[in-house]
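Biologist: Before we discuss the packing, could you put the model on screen so that we can go through it together?

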Amino acid sequence: MNTECVRCGGTVAPDGVCRHCGAPQPAFRGHVEITVGGDAAGVSDRGHRREVNADALTLAATGVWTVGVVCDGVSPAPRPERAARVAAKAGAAALIARLREGEVPEVALAEAAGRAGRAVSALAAARDGAPACTFVAGVAGPEGIWSAWVGDSRAYWLPGEGPGLLMSEDDTGERDALTAWLGADAGPVSARVRGHRPRVPGRLLLCTDGLWRHLPDADGLLTVLGRQKPDVLADARALVSRALDAGGEDNVTAAVIRVPPASLGC
């Protein structure tokens, strides 16, 4: 990354923000790709119209569990990119820790969302200037898949055969305005959690609205990916590329987790 600020010429800190004027740097995290073995991968792109990528994702695996967290910084709030990165990192760390301790996924996910919310709240200098972001997390294991969310980032089940499923429900009101988010001005975090026991292999997709506004339906997502055995990095790249080709007005993030059939316990 360029260590000279594009706005004032000052020194850029490791988090991509100028130490002198506070300006986020456009090239920082412009395009990010993450893989966890062959079971999970994520791609995040700044898009064509945004100066900064305010999306963030974290993927991890422990024992039989593969987990992912995707967050989308709320643009009207200050430092949305920082809020998203902090939430994704804190949420994933808490989720992995609780699963390692033997907690059930439903409880681990709810606690992870709460930990992410507290981490974002701690960034606020004042309640009327609080960084904020959305949150969606997913867990895949031999007994099924689970998702938890706050805001309008989404989770989808995309099977190798049969109909897909939108696992989350947007926390939005009139004109799609957010009714829930993470941040000091959001109040106590209460993530909703949903589980599913697949009978066929497939993919668990976590994404921001930069993707789903172009591909809102599970069937449309499956059309892009096809029904073949998942190649998780190629899948994430294909979804992000489709959103960019459709205009890329927003940041775009897709995290794909390979899911074996729970009924086979593999």
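Modeller: Let me begin with a definition: the expected span of a helix is 1.5 Å times one less than its number of residues. Please keep in mind that this is a predicted model.

Biologist: How far apart are the end C-alpha atoms of helix 2, and what should its 17 residues span?

Modeller: At 1.5 Å a residue, the 17 residues of helix 2 should span 24 Å. The separation of the end C-alpha atoms agrees with that expectation, because they too are 24 Å apart.

Biologist: What covers the buried residues of helix 2?

Modeller: The buried residues of helix 2 include Pro105, Ala108, Leu109, Ala112 and Ala113. Their cover includes strand 5, strand 6, strand 9 (182-183), strand 10 (192-196), strand 4 and helix 1.

Biologist: Which element gives the most to the largest nonpolar core?

Modeller: That core has 29 residues, and Cys71, Leu95, Cys133, Phe135, Val139 and Leu182 touch the most other members. Strand 4 (65-73), helix 1 (80-100), helix 2 (105-121), strand 5 (132-141) and strand 6 (144-150) each supply at least two of its residues. With 9 residues, the element that gives the most is helix 1.

How values were computed
Residues numbered from 1 in each chain as written. Predicted model: local features only at pLDDT ≥ 70, side-chain atom pairs only at ≥ 80, totals over all residues. Heavy atoms only, no water. Core = buried A, V, L, I, M, F, W, Y, C linked by side-chain atoms within 4.5 Å. Buried < 20%, exposed > 50% of the residue type's maximum accessible area, 1.4 Å probe, protein only. Helix = DSSP H or I, 4+ residues; strand = E, 2+ residues; numbered from the N terminus. Contact = heavy atoms within 4.5 Å.
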